[in-house]
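The sequence and structure are shown first.

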Amino acid sequence: MPVAPNDVRPFAALDDTDRAILVELAADGRLPNNALAERVGVAPSTCLTRTRALRECGAIRGFHAEVDPAAVGLPLQALVSVRLAAHERAAVDAFRARSVRLPGVVSVFHVAGAEDYVLHVRAASGDALRDFVLDHLAVDPAVHHTQTSLIFEQARGLG
């Protein structure tokens, strides 16, 4: 069952074994079920059942391959901060819905502070990044201001 972004999920019901499964999968999403079961100390059938339940409740959002952006022709990454012109619910929701579909957008973060959103964007070049900002954000009447920060290096944390 899909869960809307603001719905409360039943994460309070997760026990230590569920959390251990989540920690192991966050470290290595390709871990085979038998190895995962061994690491968390349960039978493989129990591990498989629990992993399925964790996917169904939304605790596991999905599995993906982390691909080097340069390998797909998008070596430049940036964080584009966006301040909206209006903050009515409809305007905010509409911007979010549009922004996740923009080309090159990896993630969209709704944030607190001076800016309203931060978009993680990948681009083929500086020119392509400039064109993205000019063609998709600067012309959007909902957008009051943008600020682009280039990402020199990205390192994934353990959390």
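## Aromatic pair

The structure, a predicted model, holds one aromatic pair. Phe 95 and Tyr 117 form this pair, with 5.1 Å from centre to centre and 50° between the planes, which makes the geometry tilted. Rings of Phe, Tyr and Trp (its six-membered ring) pair if their centres lie within 6.5 Å; planes under 30 degrees apart count as stacked, over 60 as edge-to-face and the rest as tilted. The pair links distant parts of the chain, since Phe 95 belongs to helix H4 (residues 89-99) and Tyr 117 to strand S3 (residues 117-123), 22 residues apart. Helices (H or I, at least four residues) and strands (E, at least two) are DSSP runs, numbered from the N terminus.

Both Phe 95 and Tyr 117 are buried. Buried means under 20% relative accessible area, exposed over 50%, and partly exposed in between (1.4 Å probe, protein chains only).

## Basis of the values

Residues are numbered from 1 along each chain as its sequence is written, and side-chain values use heavy atoms, with hydrogens and water left out. Because the model is predicted, local features need pLDDT of at least 70 and side-chain atom pairs count only at pLDDT 80 or more, while totals for chains, interfaces and linings use all residues.

## Salt bridges

Side chains of opposite charge can pair when their charged atoms come close. The structure holds nine salt bridges, each defined as a side-chain nitrogen of Lys or Arg within 4 Å of a carboxyl oxygen of Asp or Glu. One of them joins Glu 66 to Arg 156, the closest N and O atoms being 2.8 Å apart. This pair links distant parts of the chain: Glu 66 lies in the loop between helix H3 (44-56) and strand S1 (76-84), and Arg 156 in the segment after strand S4 (143-151), 90 residues apart. Glu 66 counts as exposed at 54% relative accessibility, and Arg 156 is exposed with a relative accessible area of 60%.

Arg 83 forms a salt bridge with Glu 115, with 3.2 Å between the closest N and O atoms. Here too distant parts of the chain are linked: Arg 83 is in strand S1 and Glu 115 in the loop between strand S2 (105-110) and S3, 32 residues apart. Arg 83 is partly exposed, at 27% relative accessible area, whereas Glu 115 counts as buried at 15%. A further bridge connects Arg 89 and Asp 93, whose closest N and O atoms are 3.8 Å apart. These two residues are separated by about one helical turn because Arg 89 and Asp 93 are four residues apart in helix H4. Arg 89 counts as exposed at 59% relative accessibility, while Asp 93 is partly exposed at 37%.

## Strand pairing around S3

Two strands pair if DSSP finds at least two bridges between them. S1 and S3 run antiparallel and are joined by seven bridges; Ser 81 has Val 118 as its bridge partner in S3. S2 and S3 also run antiparallel, joined by five bridges. Among the bridge partners in S3 are His 120 for Ser 107 and Leu 119 for Val 108.

S2 and S3 form a hairpin with six residues between them, and Gly 113 in the turn has a positive phi of about 120°. Six of the seven residues of S3 are buried, so this strand is largely enclosed by the rest of the structure.

## Second largest pocket

The second largest pocket holds about 420 Å³ of space. On a 1 Å grid over the protein atoms alone, a pocket is an open set of points where a 1.4 Å probe fits, with protein on both sides within 12 Å along at least five of seven lines; lining residues have an atom within 4 Å of a point. Grid points are joined across faces, edges and corners, and a volume is the space filled by probe spheres set on the points. Of the 17 lining residues, the closest to the pocket centre are Val 106, His 120, Arg 122, Gln 154 and Arg 156.

The elements that give two or more residues to this lining are S1, S2 and S3, and S2 gives the most, with three. By class, the lining has eight nonpolar, five polar and four charged residues. Ala, Val, Leu, Ile, Met, Phe, Trp, Tyr, Cys and Pro count as nonpolar, Asp, Glu, Lys and Arg as charged, and the others, Gly among them, as polar.
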